Amino acid sequence: METTDGRAAPTASFAGRTVFRVGYGAAQLDRLRDRPGDAVALLRRAIGLGVDHVDTAEFYGFGFANSVIREALRPEDDVLVVTKVGAEPDPGGRLPLRIAQRPEQLRAGVEQNLRSLGVERLPVVNLRRLDTGPGLRPTGDQVVDLDDQLAVMTALRDEGKIGAIGLSSVSLANLRRALPAGIVCVQNAYSVVSRDDEAMLALCAAEGIAWVPFFPLGGAFPGLPKVTDEPAVHAAAESLDVTPAQVGLAWLLHHAPNVLLIPGTADPAHLEANMAVGEIAFDRAARAALDAVESRSSEVPIG
């Protein structure tokens, strides 16, 4: 859905609320670990610019992101905090996290997020399934049936520890299996250059489920295509006097009305640029050129 002046609609539904479609992803807050005051100020600035949903995880900076959110947010901000389970910090590992898919690990992850955020209830918790997209894949006792995972997630919801359940890195088949549990959002890798999940995006739109892409500009790891390498993206950016990254983010908002963005940054100027993408309007030719960009798979193993 677009406004009469060609911009993407500014708000969308998320977990029973109406939110501004551009939120904030907290993963990069760890770049400010040595300047925690600046991290808090950055998040306060995001809220001042209209952010009302924040994406985080206990394993972002080994708890640093959650500690910043706990200090920065105030009750009157009414910010929807979305966290995730399915992985846990691994400071000594080759990667900074390890898979944690077993039901008891999911419960422990919820409890740890409750403690580090200093709350009694997590509004939305995403179960990171690791079925698809770039990243690690479960092996051994980490290969867990979705029904077993949903059982503990719904139990936690019934206990009042979480408000709603989302899914991340999930396959279309598993999303369909999970629908009866009341899924409110899906986080998968998705961008103008990696549109493997078009059918899943359409299902989410039909079911009223928010689509919250991670790696919205691609290229976060070697082997992933980059939005900012595309000639059509650069052409649109030049004609509109914006950056290629802003074009990539704005295309997502125009592509489907249930798309929400959670771009992350540790730089105040970059934050303001991200928040401005909702003002970008494409003419018909630019939109057609962006829609015609070749989609390449995001099935890239990491680690």
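Mentor: Start with T83, which stands opposite V125 in strand 8. The model is predicted. Strand 5 (residues 80–85) and strand 8 (residues 122–128) run parallel, joined by 4 bridges. They belong to an open sheet of 7 strands, with parallel pairing and the order 3-4-5-8-9-10-11. Strand 3 (24–25) and strand 11 (210–211) are the edges, each pairing on one side only.

Now the helices. Helix 3 (residues 103–117) lies across strand 5, strand 8 and strand 9 (162–168). Its direction is at about 145° to strand 5. Helix 4 (residues 146–158) also packs on the sheet and touches strand 5, strand 8 and strand 9. Helix 4 makes about 155° with the direction of strand 9.

Next, the rings. The structure holds 4 aromatic pairs. One of them is Y190 with W211: the centres are 5.6 Å apart and the planes at 90°, so this pair is edge-to-face. Y190 sits in the loop between strand 10 (183–187) and helix 6 (198–207), and W211 in strand 11, so the pair ties together parts 21 residues apart in sequence. Y190 and W211 are both buried. F214 and F215 make another edge-to-face pair, at 5.0 Å centre to centre and 80° between planes. F214 counts as buried at 14% relative accessibility. F215 is partly exposed, at 24%. R128 lies over the face of F214, 5.9 Å from the ring centre. Finally, ring pairs link W251 with Y190 and W211 into a cluster.

Note on methods
Residues are numbered from 1 along each chain as its sequence is written. This is a predicted model: local features need pLDDT of at least 70, side-chain atom pairs count only at pLDDT 80 or more; totals for chains, interfaces and linings use all residues. Side-chain values use heavy atoms; hydrogens and water are left out. Two strands pair if DSSP finds at least two bridges between them. Helices (H or I, at least four residues) and strands (E, at least two) are DSSP runs, numbered from the N terminus. Contact means heavy atoms within 4.5 Å. Axes are lines fitted to C-alpha atoms, for helices over the stretch in contact, and angles run from 0 to 180 degrees between N-to-C directions. Rings of Phe, Tyr and Trp (its six-membered ring) pair if their centres lie within 6.5 Å; planes under 30 degrees apart count as stacked, over 60 as edge-to-face and the rest as tilted. Buried means under 20% relative accessible area, exposed over 50%, partly exposed in between (1.4 Å probe, protein chains only). A charge sits over a ring if NZ of Lys or CZ of Arg is within 6 Å of the ring centre and within 35 degrees of the ring normal.
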